[in-house]
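Please read it alongside the coordinates.

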Amino acid sequence: MNMVRLIYASRLAPHAGPRDVQIILETARANNPAKGITGALCYNDTYFLQCIEGPRTAINQLYTSILSDERAADSTLMEYSDIHERIFENWSMAYVKADELTEQIVMKYGADRHFNPYEMNGEQALGFMINLAREKDRYLATVIKK
Ligand SMILES: Cc1cc2nc3c(=O)[nH]c(=O)nc-3n(C[C@H](O)[C@H](O)[C@H](O)COP(=O)(O)O)c2cc1C
């Protein structure tokens, strides 16, 4: 299987709100297992940072769909690479609320103590995701195993 990982940042659209984020998560968790997609979505009322990994065709199709999704705007592709193994093999879509992140992880990969994925480069975004997965018991607010 040609497996890839894609990480991007985006913003919640001005007309969208917390209910939309909830629906996005429900959709992700409903759809991703059948497509072999795993990942994590980090969100802080303004920004999304999402990692999706799985078969290349499925990931490319999902990102195309996300780009035209009106609930999010200003998507910036940060990392796209072939992978041999997943980071989030246990999660159809882990959800991380940024206010539950520790200062340590935000400072490690960010410019200051505020979570802003637009200030990260691709390498930092990947490091951030690897740390999230490693520290999953502490950081992940909701874990769905499917
Ligand atoms: C920030 C963001 C993240 C999303 N993540 C996923 C995802 O992981 N999986 C998914 O199927 N849809 C995701 N979506 C929704 C897709 O854009 C699209 O609405 C959905 O895949 C359509 O699914 P449906 O055909 O079941 O309605 C996301 C949307 C946004 C705005």
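Predicted model: local features only at pLDDT ≥ 70, side-chain atom pairs only at ≥ 80, totals over all residues.

Residues are numbered from 1 along each chain as its sequence is written.

## Overall fold

The protein has five helices and five strands. Helices (H or I, at least four residues) and strands (E, at least two) are DSSP runs, numbered from the N terminus. In sequence order the pattern is β-α-β-β-α-β-β-α-α-α. The radius of gyration, taken over C-alpha atoms, is 14 Å, close to the 15 Å from the globule rule for 146 residues, so the protein is as compact as a globular protein of that length. That rule is 2.2 Å times the number of residues to the power 0.38. Along the principal axes, the C-alpha atoms fill a box of roughly 40 × 35 × 25 Å.

A residue is called buried if 20 or more other C-beta atoms lie within 10 Å of its own, exposed if 12 or fewer, and partly exposed in between, with C-beta atoms placed from the backbone. On this scale, 34% of the 146 residues are buried. Two residues are in contact if their C-beta atoms, placed from the backbone, lie within 7 Å. Among contacts with a separation of 6 or more, 75% are between residues 24 or more positions apart.

## Strand pairing

Two strands are taken as paired if DSSP finds at least two bridges between them.

| β1 (residues 3–12) and β3 (residues 47–55) | nine bridges | M3 with P55; A9 with L49 |

Why is β1 described as largely enclosed by the rest of the structure? Eight of the 10 residues of β1 are buried, so the remainder of the structure largely encloses this strand. β3 is also mostly covered, with eight of its nine residues buried.

## Nonpolar core

A nonpolar core is a set of buried Ala, Val, Leu, Ile, Met, Phe, Trp, Tyr and Cys residues joined through C-beta atoms within 7 Å. The largest such core holds 38 residues, and A40 and M129 touch the most other members. β1 gives the most to this core, with six residues. Leaving aside residues up to four places away in sequence, M129 touches I7, A40, C51 and I87.

## Ligand shell

The ligand is surrounded by 16 residues, of which A28, N31, S65, D69 and A72 are the closest. A residue counts as near a molecule if its C-beta atom, placed from the backbone, lies within 6 Å of it. Which element supplies the largest share of the shell? That element is α1, with five residues. α1 (18–35), β3 and α2 (56–67) each supply at least two residues.

By class, the shell contains eight nonpolar, six polar and two charged residues. Here Ala, Val, Leu, Ile, Met, Phe, Trp, Tyr, Cys and Pro count as nonpolar, Asp, Glu, Lys and Arg as charged, and the others, Gly among them, as polar.

## Positive phi and exposed positions

Most residues other than glycine have a negative phi. D45 counts as exposed because it has 12 C-beta neighbours inside 10 Å.

D74 also has a positive phi, of about 60°, although it is not a glycine. D74 lies in β4 and is exposed, with 11 other C-beta atoms within 10 Å.

Q22, in α1, has 11 C-beta neighbours inside 10 Å and so counts as exposed. Q22 and Y63 are 41 residues apart in sequence, and their C-alpha atoms are 19 Å apart in space.

T102 sits in the loop between β5 (94–97) and α3 (103–109). With 12 other C-beta atoms within 10 Å, T102 is exposed. The C-alpha atoms of T102 and R113 are separated by 9.4 Å, and these residues are 11 apart along the chain.
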